[in-house]
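I opened this entry to keep track of what I looked up.

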Amino acid sequence: MYCEVVDTKEDGAFLKYQISEDMIIAGKKKSANFTVIFHEFDSEVKCNCSKFEFRGILCRHAIYVLIKHKMDLIPDKYILRRWRKDVTRRHTKIKISYNESNATLEAHQCDKMQKTFDEIKELAADSEEKCVIVMA
Ligand SMILES: [Zn+2]
């Protein structure tokens with residue numbers, strides 16, 4: 001509800017939206033502009049805030065454009081496997097036990113990697129540059 005289209009340009013099959021978003025920062029109302037590129041045929045949407053690329057979650061600017069195009073559902077490609085509840089994950093198949101003798105080697109390795117990935121994620125979360133390096 002804080003987003004508004006301020007400009008639209010057509011570039012071939014792509015539509016380029018300028019989205020203005022009102023936000024409250026330190027008690028003051030400010031607005032920021034974002035560019036969302038939309039391709040209706042492929043249901044492609046890309047915003048220059050890059051939230052999807054960095055966090056794996058489609059941003060409000062992109063969703064706002066999808067809504068403008070009467071798309072009631074977020075395209076499947078924008079719901080990453082990690083957020084889905086309808087997929088089977090390798091590590092969930094394994095019974096995790098705190099008893100060393102009952103845990104499998106695979107479970108231990110999954111647990112160890114998860115802890116390391118979590119630490120890396122936390123270290124990189126505060127900077128776009130770090131996120132790009134981690135993603136690469
Ligand atoms: Zn965005």
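Is C59 buried or exposed? I find C59 buried, at 4% relative accessibility, because buried means under 20% relative accessible area, with exposed over 50% and partly exposed in between (1.4 Å probe, protein chains only).

Before going on, I note that this is a predicted model, in which local features need pLDDT of at least 70 and side-chain atom pairs count only at pLDDT 80 or more, while totals for chains, interfaces and linings use all residues. Residues are numbered from 1 along each chain as its sequence is written, and side-chain values use heavy atoms, with hydrogens and water left out.

Entry: overall layout. I counted five helices and four strands in the chain; helices (H or I, at least four residues) and strands (E, at least two) are DSSP runs, numbered from the N terminus. From the N terminus on, the order is β-β-β-β-α-α-α-α-α. Of the 136 residues in the chain, 24% are buried.

Entry: zinc site. I looked up the donors, which are N, O and S atoms within 2.8 Å of the metal (3.2 Å for Na, K and Ca); water is not among the atoms, so sites may look incomplete. The zinc ion is coordinated by C47 (SG), C49 (SG), C59 (SG) and H61 (ND1), at 2.1 to 2.3 Å. The spacing of these donor residues in sequence is C-x1-C-x9-C-x1-H. C47 lies in strand β4 (residues 44-47) and C59 in the loop between α1 (51-55) and α2 (60-68), so this pair ties together parts twelve residues apart in sequence.

I then checked the geometry. The four donor atoms subtend angles of 103 to 115° around the zinc ion, which makes the arrangement tetrahedral; for four donors that term requires all angles to lie between 85 and 135 degrees. The ideal angle for four tetrahedral donors is 109.5 degrees.

Entry: C47 counts as buried at 6% relative accessibility. H61 is found in helix α2 and is buried, with a relative accessible area of 3%. Leaving aside neighbours within four places in sequence, I list C3, I19, E21, F34, V36, C47 and C49 as contacts of H61, where contact means heavy atoms within 4.5 Å.

Entry: helix pair. I looked at α4 (residues 105-124) and α5 (residues 128-135), whose axes come within 8 Å and cross at roughly 150°. Axes are lines fitted to C-alpha atoms, for helices over the stretch in contact, and angles run from 0 to 180 degrees between N-to-C directions. That makes α4 roughly antiparallel to α5, a term for angles over 145 degrees. I120, L123 and A124 of α4 make the contact with K130, C131 and V134 of α5.

Terms used
Angles under 35 degrees count as roughly parallel, over 145 as roughly antiparallel, 65 to 115 as roughly perpendicular and the rest as oblique. Four donors count as tetrahedral if all angles lie between 85 and 135 degrees; four count as square planar and six as octahedral if opposite donors are over 155 degrees apart and all others between 65 and 115; anything else is irregular.
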